[in-house]
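Me: Walk me through this one, please. Keep it brisk.

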Amino acid sequence: MRTTLSLVTGIALALVAPTALAQTQAGPPPMAPAAPPQYAPAPAPAAPEDPRSDHERYAVGHLAVGYMGFMNIPLDNAPGNYLQAPAAGVRYWLNDRMGIDAGIGLAFTSGSTKNTNGNQTTTTDDPSQLGLALHGGVPLALAHYKHYKFLIVPEANIALAHSNEKVAGANDISHNGFHFDIGARVGAEIHFGFMGVPQLSLQASLGLLLKYDHWSQSTDLAGGGKVSGSINKTSLATTAYNNPWDIFAGNIFALYYF
């Protein structure tokens, strides 16, 4: 019996030993190959910056509209007696060196005053006023860079004004004014390309103008006929104003190019 058990045990050990030895020699199961490293795609190369200035890209060959400068049309030689007719107009650059300015200003006032006293109503006409101004210029770009240009603008302005005051039961009074100036402005026009709006520009300039003014006044006489008189004045001066802030009204204005 003992001989039989020993024989069975020996056979079992003989069968199990090669399998265990084979497993020991084989080692651990092979590992899966590592995934290749992932790299972010290279950024696209930046577009080259346009070397042209805002003037070349957005002004040359384009029409601009805007404020051409403030125009005061004198009615007579009394201080402050004038019509305000801001000149609005257009600017067109024929090429990168020369352009054309044209503007017009218009002012008109009229009215009446009605007074009622019991059953009696009296209507009095207020003084009527009419003014017309024409502006012309030839802007010349002496130099232009990324967002601004240095320019000189030969220009001329011509203006007419008329005022008529009807006086009930008395003499009618009329005023006529004529203004002409010619000269040039020098300054800079800045495009707002650095703010993302290159079509918008702001021009600042100072000028020297030769001015001629003529005023006339006539009064209708009750018995017929007229009494009239006139004044002429010629002056040469830089653009200067009575108040420091007036420089912003006459010498700085905005343009928008389409």
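**Fold, cores and hairpins**

Me: Of the contacts between residues at least 6 apart in sequence, what share joins residues at least 24 apart?
Reply: 62%. The model is predicted.

Me: How confident was the predictor overall? What is the average pLDDT?
Reply: The protein averages 80. A pLDDT of at least 70 is reached by 78% of the residues.

Me: Where does pLDDT stay under 50?
Reply: Over residues 240–247. For that stretch the model has 6 contacts beyond four places in sequence. Where pLDDT is low, the predicted coordinates should not be read in detail.

Me: OK. How many helices and strands?
Reply: The protein has 3 helices and 14 strands.

Me: And what share is buried?
Reply: 25% of the 258 residues. The exposed surface comes to about 16,600 Å². Carbon and sulfur atoms supply 64% of that area.

Me: Let's go inside. Which residues make up the largest nonpolar core?
Reply: There are 11 in all: Ala59, Ala64, Met68, Ala87, Trp93, Ala141, Leu151, Val153, Phe253, Leu255 and Tyr257.

Me: Why is Ala59 called buried?
Reply: Because its relative accessible area is 0%, and buried means under 20%.

Me: What does Ala59 touch, leaving aside neighbours within four places?
Reply: Asp54, Trp93, Lys149, His191 and Tyr257. Asn95 is 36 residues from Ala59 along the chain, and their C-alpha atoms are separated by 9.0 Å.

Me: And Ala87, what is it in contact with beyond four places?
Reply: Gly66, Tyr67, Met68, Gly69, Ile104 and Gly105.

Me: New topic. Which loop holds Ser53?
Reply: The one between α1 and α2. Pro51 is found in that loop as well.

Me: Pro51: buried or exposed?
Reply: Exposed, with a relative accessible area of 78%. Ser53, by contrast, is buried, at 3%.

Me: What does Ser53 touch, not counting residues up to four places away?
Reply: His144, Tyr145 and Lys146.

Me: How many aromatic pairs does the structure hold?
Reply: It holds 4. One of them is formed by Tyr145 and Tyr148. That pair is tilted, 5.6 Å centre to centre, with 40 degrees between the planes.

Me: Now the strands. How many bridges join β10 to β11?
Reply: 18, and the strands run antiparallel. β11 covers residues 173–192.

Me: What's in the loop between β10 and β11?
Reply: Asp172, for one. Asp172 is partly exposed, with a relative accessible area of 22%. In sequence, Asp172 and Ala222 are 50 residues apart; in space, 8.9 Å, C-alpha to C-alpha.

Me: How many bridges from β11 to β12?
Reply: 20, antiparallel again, with β12 at residues 197–220. Phe178 stands opposite His214 in β12. The β11 and β12 hairpin has 4 residues between the strands, and Gly196 takes a positive phi near 85 degrees there.

Me: And β12 to β13, how many bridges?
Reply: 13. β13 spans residues 226–238, and the two run antiparallel. Leu208 has Thr238 of β13 as its bridge partner.

Me: Which glycine takes a positive phi in that hairpin?
Reply: Gly224, near 105 degrees. The β12 and β13 hairpin has 5 residues between the strands.

Me: Which way do side chains point in a regular strand?
Reply: They alternate between the two faces of the sheet.

Note on methods
Residues numbered from 1 in each chain as written. Heavy atoms only, no water. Buried < 20%, exposed > 50% of the residue type's maximum accessible area, 1.4 Å probe, protein only. Contact = heavy atoms within 4.5 Å. Areas by Shrake-Rupley, 256 points an atom, 1.4 Å probe, with all protein chains shown as cover. Core = buried A, V, L, I, M, F, W, Y, C linked by side-chain atoms within 4.5 Å. Phe/Tyr/Trp six-rings, centres within 6.5 Å; stacked < 30°, edge-to-face > 60°. Pairing = 2+ DSSP bridges. pLDDT = per-residue confidence, 0-100.
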